Amino acid sequence: MLKKKFRSLDKTYTADIILKKPDKYRNIEILTSNVENLITMGSGKSYVAASFKKDNLSLELSKFDRIINFNKQEKTILVEAGIKLHHLLYFTLKHKLWIPQIPGYPSITLGGAIAANVHGKSSATHGSLRNQIKSIRIFHKTHGWLDLSESENKEIFELTIGGFGLTGTIVNVALKLIDMKSYDFITTIEKVNSAKDTIKKLDLNDLENIFCYSWNKTNNSKKFGEGLIFRNKINENSTSTLLKKMEYGENKIHQYFPINLWNKYTISFFQNIYFKYYNFYKKKIFYDNFENVMFPYAGKETYFHMFGKKGFFESQILVPLPKVDIFLNELEYNFKKLEPDITLFSIKKIMDKDLLLRFSGEGICFTFDFTNNKKNINFLNKLDEICIKHHLKPSLIKDSRLNSSTVQKCYKEYDIFKETLLNFDNKRIYKSELSERIGL
Ligand SMILES: Cc1cc2nc3c(=O)[nH]c(=O)nc-3n(C[C@H](O)[C@H](O)[C@H](O)COP(=O)(O)OP(=O)(O)OC[C@H]3O[C@@H](n4cnc5c(N)ncnc54)[C@H](O)[C@@H]3O)c2cc1C
């Protein structure tokens, strides 16, 4: 047992927690037997405090990282939930198979990815991780060991995917794998003049470029959203047969500098350099390797450190297609009025089934990072009002400020999630700061 001070990645919540790392299946049963409340932790890389809360037990699953069974012909793998995504990919890619719904950081665990039902940058083509999951085995303090799938305990299966660990500990998972012809990509860059221009150019029917997302500037209100669209397609003519071992070591993404270094001058400076580099110096089409495309944040942790001790907020909002124009008008209006400091602005498509508390549906996903100050919180509160007014979905796994009232108004299946969870576990054993804040 370890008493530990733990911090959310965005640094807005810090707490003393009890951390335990079981290494045997039996240990999971024993460690949970004398506590009333607990939550499972993956690699603790969520922006929000989703896998811990003050004085609560966090069961950290890093020792459950084995591949139990692999069937190349059937393209299936049974794997323990604590495995880090880069380790999982390194294994499957050697057999020219993979799962494409990969979040942008390598040491995120499979269990954490399932509990947040992640969408990678290919969400318009492949949807969310839900599409690759065949079955899940969980341990729940009162229900014991349960197998979940389309045909067994379906209701809890759906509740567990994107269920923020509230249905118990995901111990192992059977995944359906997809063919991957090559390890290399071809990246194309296109300049866009504004956020509206980005939407026009994000071709909703482009299936060739499996990844497609934008990077938009925020330092010039007259050209709000001028930027670049990145498109990545698999280089099927690549002759490379050797996949570089994806080793990232123990990264220091949670660290921070003593003071915040992001302000309107540094934002402007870095955005101008980045834009000029890609717009004027870099070729418009170039070969890219797997790690660069899949894990854009790996090696760039300084971006997070620069927010300092007070940290930052990320807001990610899913806007249904018919509401995109009205959202952009209100966004631009409020941006000009309140002048927030936005360090990152990115746009991508999401095409997936809308269910329960999942950040999914069909629409355009807008992502913004902000320094933690009053002016920016005012702007974020305005975004909440816009979400409520137009029934847009803010991402629960990204934004630490969201409260239960906003979430209830934005997620039409909030009550269904809450009721089903309560029917399954009337003592509400699995809890985190996130679950309490949003009233679950
Ligand atoms: C740099 C960066 C880029 C990202 N990019 C994306 C992206 O492109 N798309 C996207 O969708 N997300 C993205 N994310 C968010 C990230 O995928 C999620 O926050 C993910 O849940 C983190 O997993 P983790 O292993 O760190 O789990 P933790 O942060 O420890 O936990 C996250 C949630 O999963 C639950 N959980 C973890 N393991 C288990 C388990 N074994 N059983 C039951 N519950 C469990 C926890 O209780 C908690 O609710 C990104 C995050 C970072 C830091």
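These legends describe several views of one predicted model. Residues are numbered from 1 along each chain as its sequence is written. Because the model is predicted, local features need pLDDT of at least 70 and side-chain atom pairs count only at pLDDT 80 or more, while totals for chains, interfaces and linings use all residues.

**View 1. The whole chain.** The chain holds 14 helices and 19 strands (DSSP runs numbered from the N terminus: H or I of at least four residues for helices, E of at least two for strands). Its radius of gyration is 21 Å, close to the 22 Å that the globule rule gives for 440 residues, so the chain is as compact as a globular protein of that length. The radius is taken over C-alpha atoms, and the rule is 2.2 Å times the number of residues to the power 0.38. The C-alpha trace spans about 60 × 55 × 45 Å along its principal axes.

View 2. The contact takes 24 residues from domain 1 and 27 residues from domain 2 (contact: C-beta atoms, placed from the backbone, within 7 Å). On the domain 1 side, α2 (85–93), α4 (123–126) and α5 (154–160) each give two or more residues. The largest share, four residues, comes from α2. By class, this side has ten nonpolar, eleven polar and three charged residues. Ala, Val, Leu, Ile, Met, Phe, Trp, Tyr, Cys and Pro count as nonpolar, Asp, Glu, Lys and Arg as charged, and the others, Gly among them, as polar.

**View 3. The largest nonpolar core.** This core has 110 residues. It is a set of buried Ala, Val, Leu, Ile, Met, Phe, Trp, Tyr and Cys residues joined through C-beta atoms within 7 Å; buried means 20 or more other C-beta atoms within 10 Å of a residue's own. L110, A113, I114, I170, V173 and L396 have the most contacts inside the core. Domain 1 and domain 2 each supply at least three of its residues.

**View 4. Around I170.** Beyond neighbours within four places in sequence, I170 is in contact with A81, G111, I114, A115, I136, I138 and T160.

**View 5. The ligand shell.** The ligand is surrounded by 33 residues (C-beta atom, placed from the backbone, within 6 Å). G42, P103, G111, G112 and G165 are the closest. At least two shell residues come from each of β3 (38–41), α3 (110–115) and β10 (169–176). The largest share, four residues, comes from α3. The shell divides into 17 nonpolar, 15 polar and one charged.

Conventions
A residue is buried if 20 or more other C-beta atoms lie within 10 Å of its own, exposed if 12 or fewer, and partly exposed in between; C-beta atoms are placed from the backbone. Domain bounds come from an automatic or database domain assignment. Two residues are in contact if their C-beta atoms, placed from the backbone, lie within 7 Å.
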